[in-house]
Amino acid sequence: MTLEATDLRKTYPTGDEALKGVSLSIEGSETVAMIGPSGAGKSTFVRCINRLTEPTSGSLRLDGTELTALDADELRAARRDIGMIFQEYNLVERLTVMENVLTGRLGYVSAWRAFRRDFPPEDVERAYGILDRVGLGDMEDKRVDELSGGQRQRVGIARAVIQQPKILLVDEPTSSLDPETSNTVMDLLTDIAAEREIPVLINIHEVDLALDHADRVVGLHDGELVFEGTPAELDEGA
Ligand code: ADP
Ligand code: ADP
């Protein structure tokens, strides 16, 4: 799996130039941390990939598919290949862990419908496997609003992974977590990248976490890539 951004630009209607020509390629099972101060353009970059926002110009290819030129049906299909994990979890608070994970497999509407019937057994089986993998094996019937922040983030990871994405995009996964929980969540993300052989792009503002966990770190500042390298290379440069 490869994600390739070429000269990606985004100017909002307000005139804010959030991305000023970003080129970046991410492949295989690599974990890339994108760091940079608030306002650097990190969220805009992620939102361009899943097309929550429309890039102004440039190219974005996921395994050769040009993401900037999809019609509505193609976009729906492409989004199934892009796993998103959000800062604020985006979980359905009143549903259980299992139900939340299954919404990743089925999509919101069918999940709500299926909620009152039976879920497809093969999906449930897969969900159990993934819940085990993220360390929530015995929590499937807990309501999400009973969980800690770290547990919620694991539900978010499980929900993204169950759709068998070709890439995982993770927006500030640790910003509401304590340092120890942050480390375990970052470990989990890099392990999943390796096991599933998919690239993981993590927006993060904690530089230490990026250097400790990512295979490669890219720095964004004011809409431009200002550095790129392995943690070891960046350490030498510092
Ligand atoms: P980061 O994620 O690094 O904090 P953002 O991508 O959120 O950066 O923002 C980059 C720049 O784009 C900032 O100047 C921000 O104010 C601006 N911006 C972000 N979203 C919008 C929007 N929807 N409309 C206008 N400007 C925006
Ligand atoms: P983050 O720092 O996590 O990117 P922001 O606070 O920049 O979050 O953005 C939160 C929301 O506000 C986003 O949906 C973004 O599109 C919107 N936003 C950010 N900056 C602006 C702006 N200057 N004008 C309009 N909307 C904005």
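1. An oxygen atom of ligand 1 sits 3.1 Å from a polar backbone atom of alanine 40. The model is predicted, and every distance in this note is computed from it. At glycine 41 a polar backbone atom is 3.0 Å from an oxygen atom of ligand 1. Threonine 44 takes part through its side chain, with a polar atom 2.5 Å from an oxygen atom of ligand 1. On its own, ligand 1 has 550 Å² of accessible area, and the protein covers 65% of that.

2. Which residues are the closest to ligand 1? They are Gly39, Gly41, Lys42, Ser43 and Thr44, out of 13 residues that surround this ligand. Helix α1, residues 42-49, supplies the largest share of the shell, namely four residues. Sorted by class, the shell around ligand 1 has six polar, four nonpolar and three charged residues.

3. Ligand 2 has Asp16, Ser38, Ser43, Arg47 and Gln87 around it. For serine 43, a polar side-chain atom is 2.6 Å from an oxygen atom of ligand 2. For arginine 47, an N or O atom of the side chain is 3.1 Å from an oxygen atom of ligand 2. How much of the accessible area of ligand 2 does the protein cover? The cover is 30% of the 550 Å² that ligand 2 has on its own.

4. The classes of the residues around ligand 2 deserve a separate remark. Three are polar and two are charged, and there is no nonpolar residue in this shell.

5. The last point concerns a pair of helices. Two packed helices are described by the angle between their axes and the distance between the axes. Helix α6 covers residues 149-161 and helix α7 covers residues 179-196; their axes are 10 Å apart and the packing angle is about 15°. Angles under 35 degrees count as roughly parallel, so α6 is roughly parallel to α7. The crossing of α6 and α7 is right-handed.

Notes:
Residues numbered from 1 in each chain as written. Chains lettered and ligands numbered in written order. Predicted model: local features only at pLDDT ≥ 70, side-chain atom pairs only at ≥ 80, totals over all residues. Heavy atoms only, no water. Near = heavy atom within 4 Å. Polar contact = N/O pair within 3.5 Å; in protein donor to acceptor, adjacent residues only side chain to side chain. Areas by Shrake-Rupley, 256 points an atom, 1.4 Å probe, with all protein chains shown as cover. Nonpolar A, V, L, I, M, F, W, Y, C, P; charged D, E, K, R; others polar. Axes fitted to C-alpha atoms, helices over the stretch in contact; angles between N-to-C directions. Helix = DSSP H or I, 4+ residues; strand = E, 2+ residues; numbered from the N terminus. Parallel < 35°, antiparallel > 145°, perpendicular 65-115°, else oblique. Left-handed = near helix turned anticlockwise from the far one by under 90°.
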